[in-house]
Amino acid sequence: MSSVPTYSTSPGMPPAPRQRRLSTARARIIGWMLLLVLAALALLTLVTWQLSVDDVNRRMDEALRSEIREFGTLTESGIDPATGRPFAGVDEVLNVAITYNLARPNEKFLGYVDGRFAYQSRQQAPVLLANDPNFTAQVATVREPTEGRYDSEAGEVRYLAVPVRLDGDPRHGVIVAAYFADQERQDVNEIARLMLGVGVGTVLLATAGAWVVAGRILRPLRDITATARSITDTDLSRRIPQRSDRPGDEIGELVNTVNAMLDRVESAVVEQRRFVDDAGHELRTPITIVRGHLEVLDPADPEDVANTVELVDDELGRMNRMVSDLLLLARSEQPEFLRPEPVDLAALTEAIFDKVTGLGERDWVLDSVARVEAVLDPQRVTQAVVALADNAVHHTSDGARIALGSDHGPGVVRFWVADSGVGVAEEDRERIFERFARGGSGRRSDGAGLGLSIVRAIAVAHGGRVTLDSEPGRGATFTVEVPAVAAPPHGRHTEGRR
């Protein structure tokens, strides 16, 4: 077996030029996957090759020592096993030792006498070490057992040289057991090359598989891109196809999240368009009224001037209230809209009742109060309940009964205003909470139609809702229901857009 070339341990191909850098997500995924596969393959090949080479080296060293021990066993008696007579000289010792030991493949035995080559085993060798003067000079005159390595024309040679002496013979002998290490490692090299070949095939298969898998994984991202490109300011209805709805699927969760975001964007855009259209229409009316009266104004008539000024002032006041309400609705979407704090509901309900009794000559009744503490914005809740009471005043006559109260349930608190007016028709129960909406023939108002929208915005900002219980001709009960602890900003905004 032989040494694995240095290039086999490289974790990948040479780096590509800058202009060929991978730019797409799919290519980057494949590039990283291949880098990991190549690194793992290189590490596996390197470790396997190194362990195999170490094992071969260990076996060669052990074999050399074993051969020398056999030489010692064969010659320590000083008797030639072939003739049964004592050795006549060092040369006979070397000859017998080399003759009686059969060399393994890639192994060679050599004998030297007084620094000159004398004998060698018959085993074929890649090069003749006996004719190599440098090797001869390195081993032929050693005075003690010596292990070493020699770089021959055939590669590395691992050897063990042991001096040999015989009583009565002044000559100095050396016996050498040598291994051609590169040739002995050839099998290891072949295995390493085979592993690299299989690894290349594996990388090619992994590339094809990674291309397909990455395409499937990134398909939702392509769908997101295609959907985003297809959305225009006039068409927000497109959604990303849901290809997987398995729990824990990150891509599926991404698709659901983006689709939910598109739903919110579409709702917001639709609401904005309707809001702009309605606001433009509502603001256009007082402007038209003011302009029309100013165009026919007779400056010489003091009474006409006074009446026109009064009308213009009234319309400007109405426009001011409308703009203030619009700004309030816009601020209701912001986190700082609420300032929650611990509140005694009984005290808050009684304070609100004291305020609303001045809205009109009605039969005001405080039904009940919730004797509990809650965390909410008392000013916004007061604003909502006062708006409901004002709405009740506008839809009842003098002396009509209007009841107000509060109570609490598991995790929620409620404030209600009940009137004895004409009630709300079935078809109007949802519409009256929309911006600029007004009741039907049964409930009319000269307002801008933002009061109940503000009430709902305040309830939603708390994480709650507004409900209506009404029958035409039997009055209406509006209830603001909010959590005992106001919802965090993100939670209430999400619910407000559903």
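Which strands form the open sheet with mixed pairing, and in what order? I started my notebook with that one. I found five strands in the order β7-β9-β10-β12-β11. The model I am reading is predicted.

**Entry 1: the mixed sheet**

I looked for the edges next. They are β7 (363-366) and β11 (465-470). Each has a single partner strand, so one side of each is left without a neighbour in the sheet. Neighbouring strands here are turned by 15 degrees against each other on average, direction ignored.

What packs on this sheet? I found α9 there, touching β7, β9 (401-409), β10 and β12. The direction of α9 makes about 20 degrees with that of β10.

Strand β10 covers residues 412-419 and strand β12 covers residues 476-483. They run antiparallel, and eight bridges join them.

**Entry 2: α9 against α10**

Helix α9 spans residues 378-394, and helix α10 spans residues 451-461. Their axes come within 9 Å and cross at roughly 150 degrees. An angle over 145 counts as roughly antiparallel. That is why I logged α9 and α10 as roughly antiparallel to each other. The crossing of α9 past α10 is left-handed.

Which residues meet? From α9 I listed Arg380, Val381, Gln383, Ala384, Ala387, Leu388 and Asn391. From α10 I listed Gly451, Leu452, Ile454, Val455 and Ile458. I sorted the residues of this contact by kind: eight are nonpolar, three polar and one charged.

**Entry 3: the antiparallel sheet**

I moved on to another open sheet. It has five strands in the order β2-β1-β5-β4-β3, and the pairing is antiparallel. Which strands stand at the edges? They are β2 (116-120) and β3 (146-152). Each pairs with a single strand, so one side of each has no neighbour in the sheet. On average, neighbouring strands are turned by 30 degrees against each other, direction ignored.

I checked what lies on this sheet too. Helix α2 packs on it and touches β1, β2, β4 and β5. The direction of α2 makes about 25 degrees with that of β5.

Is strand β5 mostly buried or exposed? I found 10 of its 12 residues (169-180) buried, so β5 is largely enclosed by the rest of the structure.

I went through the pairings of β5. Strand β1 (residues 107-113) runs antiparallel to β5, and seven bridges join the two. Within that pairing, Phe109 has Ala177 as its bridge partner in β5. Lys108 stands opposite Ala178 in β5.

Then I turned to strand β4 (residues 155-166). How many bridges join it to β5? I counted nine, with the strands antiparallel. Val164 stands opposite Gly173 in β5. Val157 has Phe180 in β5 as its bridge partner.

I followed the chain between these two strands. β4 and β5 form a hairpin with two residues between them. In the turn, Gly168 has a positive phi of about 90 degrees.

**Entry 4: β4 and β3**

I checked burial for β4 as well. Of its 12 residues, 10 are buried, so β4 is largely enclosed by the rest of the structure. β4 also pairs with β3, in the antiparallel sense, over seven bridges. Arg149 stands opposite Arg158 in β4. A hairpin through two residues joins β3 to β4.

**Entry 5: α1 against α2**

I finished with the helix that meets α2. Helix α1 covers residues 25-75, and helix α2 covers residues 90-100. They pack at an angle of about 125 degrees, with their axes 10 Å apart. That makes α1 oblique to α2. I noted the crossing as right-handed.

Which residues of α1 meet α2? I found Phe71, Leu74 and Thr75. Facing them in α2 are Val93, Val96, Ala97 and Tyr100. By kind, the residues of this contact are six nonpolar, one polar and no charged.

Conventions:
Residues are numbered from 1 along each chain as its sequence is written. This is a predicted model: local features need pLDDT of at least 70, side-chain atom pairs count only at pLDDT 80 or more; totals for chains, interfaces and linings use all residues. Side-chain values use heavy atoms; hydrogens and water are left out. Axes are lines fitted to C-alpha atoms, for helices over the stretch in contact, and angles run from 0 to 180 degrees between N-to-C directions. Helices (H or I, at least four residues) and strands (E, at least two) are DSSP runs, numbered from the N terminus. Angles under 35 degrees count as roughly parallel, over 145 as roughly antiparallel, 65 to 115 as roughly perpendicular and the rest as oblique. A crossing is left-handed if the near helix is turned anticlockwise from the far one by less than a right angle, and right-handed if clockwise. Contact means heavy atoms within 4.5 Å. Ala, Val, Leu, Ile, Met, Phe, Trp, Tyr, Cys and Pro count as nonpolar, Asp, Glu, Lys and Arg as charged, and the others, Gly among them, as polar. Buried means under 20% relative accessible area, exposed over 50%, partly exposed in between (1.4 Å probe, protein chains only). Two strands pair if DSSP finds at least two bridges between them.
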